[in-house]
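Subject: Structure handover

Hi,

Here is the structure you asked for.

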Amino acid sequence: MTLDPSLFSPFAIWTAVILYGICLLLALWLAPWRKLLEARLTHVFFGATVALLLLWQMETQVQPGLSYHLLGLTAVTLMFGWGFAVIAASLALLGITLNGGGAWDGFALNALVSGVLPISLTLMLLILIRRFLPKQFFVYVLVNGFLTAGLVGVAMGYMAAWLLAGSGAYSMAELSQTVLPFFPLMFLPEAMLNGWIMVILVAFRPHWVYSFSDFEYIKGK
């Protein structure tokens, strides 16, 4: 989701700047840089970042002030973890903004809505799934890949609508008549995109996926 910063108050924009700044510093601190370098996966990380940039360029306006694009962040989070996913999303949004595809005053707001929040939700669901469901290959692919991605995509749509209603730009009654009924349709494309990426990666490049273990999900069964 991409939100128009002109629909939000200066207080909301500065609050987003502070929250995003904290999250970015935390991501830079928590990201396992040594592991990335030792595994020689820097090219994979930057390749994923470029893929996000290209994906986010393809957006469609669903309401004045609200545009939709596929996130693709569930796959990135499962591949690299929370810290690197936040950094990748930030770099992708930076590239879009430098290319004239976004406003600088809305950078932090959109980084939170299109980056930090879906990444954090993906991580929370990953933890719950690992805690309560068996560690099996098909559970990982179908639940962590397909189901989680679809749920995250739909949740971020409703979150964006809630923020627009909270800003006073639209009433929730108005949004419920225009865009809210269509948000569940976001489930399938988001689920298919991320799910199939994870199927291909765990099948052919499992060492690229930090959250997947051959021993835990395959050999240990």
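The lining of the second largest cavity splits into 4 nonpolar, 2 polar and 1 charged residues. (Ala, Val, Leu, Ile, Met, Phe, Trp, Tyr, Cys and Pro count as nonpolar, Asp, Glu, Lys and Arg as charged, and the others, Gly among them, as polar.) Those residues are Met1, Tyr68, His69, Leu71, Gly153, Met156 and Glu190. The space is about 30 Å³.

This is a predicted model: local features need pLDDT of at least 70, side-chain atom pairs count only at pLDDT 80 or more, and totals for chains, interfaces and linings use all residues. Residues are numbered from 1 along each chain as its sequence is written, and side-chain values use heavy atoms, with hydrogens and water left out.

Terms for the spaces: on a 1 Å grid over the protein atoms alone, a cavity is a set of points where a 1.4 Å probe fits but cannot get out. A pocket is an open set with protein on both sides within 12 Å along at least five of seven lines. Lining residues have an atom within 4 Å of a point. Grid points are joined across faces, edges and corners, and a volume is the space filled by probe spheres set on the points.

The count is 2 cavities of 30 Å³ or more. The largest cavity has about 50 Å³. Its lining includes Tyr20, Trp56, Asn110 and Ile119. Helix α6 (107–132) gives the largest share, 6 residues. (Helices are DSSP runs of H or I, at least four residues, numbered from the N terminus.) By class, this lining has 8 nonpolar, 4 polar and no charged residues.

Of its 17 lining residues, Phe8, Ala12, Leu109, Trp162 and Leu163 are closest to the centre. Helix α1 gives the most, with 6 residues. The lining has 13 nonpolar, 4 polar and no charged residues.

One last item, Phe46. Phe46 sits in helix α3 (residues 42–57). Phe46 counts as partly exposed because its relative accessibility is 49% (buried is under 20%, exposed over 50%, partly exposed in between, with a 1.4 Å probe and protein chains only).

Best wishes

Key
Helix = DSSP H or I, 4+ residues; strand = E, 2+ residues; numbered from the N terminus.
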